[in-house]
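Welcome! Below is a short tour for anyone meeting this model for the first time. Please keep the 3D view open as you read.

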Amino acid sequence: MRMPILLWRRCLAVVALLGLVLLSGPLAAQQPTSVNPTAASVQEQQLLQQLQAVQGRISIPDQRANVLIQPAGQDWRAFHQVTLPWIGAIAILGMLAVLVLFYMSRGKIMIDSGPSKQRIVRFNSFERFVHWLTAGSFMLLALTGLNITFGKFLLLPVIGPEAFTALSQAGKYVHNYLSFPFMLGLVFMFLVWVVHNLPNAVDVAWLKAGGGLLKKGVHPPAKKFNAGQKLIFWAVIVGGVGLSVTGLILLFPFQGTSIADMQLSQMIHGLISLVLIAVMIAHIYIGSVGMEGAFDAMGSGEVDLNWAKEHHSLWVQEEMKKTGGAGARAQAAE
Amino acid sequence: MARMKFLCDADRCIECNACVTACKNEHEVPWGINRRRVVTINDGKPGERSISMACMHCTDAPCAAVCPVNCFYTTADAVVLHSKDLCIGCGYCFYACPFGAPQYPRVGNFGSRGKMDKCTYCAGGPEADSSPVEYAKYGANRLAEGKLPLCAEMCSTKALLAGDGDIIAQIYRERVLKRGYGSGAWGWRTAYKDTVNV
């Protein structure tokens with residue numbers, strides 16, 4: 001009985017071996033000769049085209065570092081290095097050229113009827129404080145801001161890298177800290193003057209007459225603020241709010257914002273400020289050398305009555321009505 | 001002179017983060033600052049890849065272009081370095097950098113940034129080579145000692161390559177030819193406007 005069992009076992013083993021060979025034949029043929037793990041892997045170009053950035057997971061605590069490649073930086077660079085300086089140069093130099101031409105053709109705008117002996121209070125001390133709080137901080141913010149964009153082309157070659165860094169470093173702090181008085185000034189300015197700056201029919205007539213800017217002796221009527229001044233007011237308010245919002249985003253990096261938000265904020269911040277600087281150059285011109293008697297309004301707060309009658313006729317009437325003609329007072333005897 | 005570059009072979013990187021640690025240790029980089037990091041893309045999915053990234057020392061570097069105080073300079077080895085004495089910490093280089101390389105210690109109020117810190121390609125800064133002043137500001141200057149960046153030198157899988165661009169490109173090309181695949185030189189197109197053709 002032992003022999004047949006052994007024989008049977010051998011036969012089974014042979015069959016099993018044969019079966020293995022038969023089965024493994026096609027399996028071996030299916031095995032690839034080489035593997036290509038990259039066939040299914042992520043590709044840089046593909047990610048850049050699909051997602052505009054290559055992003056992943058990171059194991060260091062700084063989770064913002066999970067962006068591997070952000071090509072948006074190149075766009076920001078192009079804007080900051082080419083577009084922005086050009087816009088700024090055209091806006092600021094263009095405005096200066098327009099003002100020089102205006103001064104050459106029109107000259108200083110004088111009080112047509114000559115200065116009177118009487119003066120009228122145009123801006124009280126709080127209004128002047130608000131104006132100079134905003135204006136003073138804006139001037140320093142503008143200069144330090146312009147230094148960041150244009151300083152390395154204009155100032156750095158003149159004063160050298162060490163002095164320029166010291167200046168720019170101080171400028172950065174001035175810019176960061178003076179933003180708060182500027183924003184405070186904006187809020188006050190809005191509250192104090194918004195009622196006088198709502199557009200009305202008088203403004204249409206004023207604008208149609210070109211504000212009397214181009215022709216001597218033409219003085220379209222105006223209330224406390226004429227249409228030109230209202231435009232300045234709204235440029236400051238709208239531009240100032242834009243500057244404040246974008247500025248705060250830049251002042252508090254990554255506080256709920258991404259690098260894309262900061263790039264966009266910087267672009268808007270730069271654009272608004274350059275346009276506003278150009279507008280302010282015109283405002284400064286007409287408020288100082290461009291017009292006789294204009295500076296007094298923000299200087300002493302009291303303007304010449306004839307100046308007021310020519311430039312703000314309706315406002316003078318209102319004031320006279322309010323005070324019963326006592327609004328104007330004789331100039332102190334000299 | 002060589003044109004120094006980094007190349008990370010994503011098919012070899014195992015995300016061990018040893019390059020990150022080595023860099024931090026070699027240069028005594030302060031807390032919160034990472035000159036090098038490893039990013040894993042498609043984590044846990046098929047085709048996942050890890051890439052070690054630091055400053056790529058770009059050709060026509062965006063950081064240098066946008067810097068308002070011109071504190072960047074390129075060495076004869078094409079390594080992009082900067083002067084911490086001139087840096088004002090404005091953050092513009094971080095906006096422009098495609099690789100998120102610039103890092104800032106947080107100093108003062110409203111998140112105001114201190115002097116920028118970034119990968120120096122282990123080449124220090126403008127101070128005298130290997131001086132204590134240079135070490136304190138920028139870390140070790142291995143290049144001055146004839147050594148390559150530590151991150152690449154100690155990479156266990158030799159995924160991270162550092163050295164002359166032509167030589168490391170050739171090493172990578174040979175690898176790809178031999179093994180039959182490669183996901184490319186990550187960041188090269190952005191940094192050097194060039195890629196490794198195999």
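## A first look

Chain A holds eleven helices and six strands; helices (H or I, at least four residues) and strands (E, at least two) are DSSP runs, numbered from the N terminus. This is a predicted model, in which local features need pLDDT of at least 70, side-chain atom pairs count only at pLDDT 80 or more, and totals for chains, interfaces and linings use all residues. Residues are numbered from 1 along each chain as its sequence is written, while chains are lettered from A and ligands numbered from 1 in the order in which they are written.

Of the 334 residues in chain A, 27% are buried. A residue is buried if 20 or more other C-beta atoms lie within 10 Å of its own, exposed if 12 or fewer, and partly exposed in between, with C-beta atoms placed from the backbone. Among the contacts in chain A with a separation of 6 or more, 69% link residues 24 or more positions apart; two residues are in contact if their C-beta atoms, placed from the backbone, lie within 7 Å.

## Two helices side by side

At what angle do helix α3 and helix α9 of chain A pack? Helix α3 (residues 72-106) and helix α9 (residues 259-287) of chain A meet at about 5°, with their axes 9 Å apart. Axes are lines fitted to C-alpha atoms, for helices over the stretch in contact, and angles run from 0 to 180 degrees between N-to-C directions. α3(A) and α9(A) are therefore roughly parallel to each other, a label for angles under 35 degrees. The contact includes W76(A) and F79(A) from α3(A), and M267(A) and Y285(A) from α9(A). By class, the contact has 20 nonpolar, three polar and no charged residues; Ala, Val, Leu, Ile, Met, Phe, Trp, Tyr, Cys and Pro count as nonpolar, Asp, Glu, Lys and Arg as charged, and the others, Gly among them, as polar.

G88(A) is buried, with 21 other C-beta atoms within 10 Å. Leaving aside neighbours within four places in sequence, G88(A) is in contact with T149(A) and L274(A). The C-alpha atoms of G88(A) and I277(A) are separated by 9.0 Å, although the two residues are 189 apart along the chain.

## A kinked helix

Helix α4(A) has a kink of about 60°, centred on I148(A); the bend at a residue is the angle between axes fitted to the seven residues ending there and the seven starting there. Buried residues of α4(A) include H131(A), F138(A) and N147(A). Among the elements covering the buried residues of α4(A) are α5 (156-159), α6 and α9 of chain A.

## Where chain A meets chain B

In chain A, 48 residues are in contact with 42 residues of chain B. With seven residues, α6(A) gives the most to the side of chain A that touches chain B. The residues on that side divide into 21 nonpolar, 21 polar and six charged.

| Strand pair | Sense | Bridges |
|---|---|---|
| β2(A) and β2(B) (residues 37-41) | antiparallel | two bridges |
| β2(B) and β3(B) (residues 49-53) | antiparallel | five bridges |

Within chain B, I41(B) stands opposite R49(B). Four of the five residues of β2(B) are buried, so β2(B) is largely enclosed by the rest of the structure.

Technical notes: Parallel < 35°, antiparallel > 145°, perpendicular 65-115°, else oblique. Pairing = 2+ DSSP bridges.
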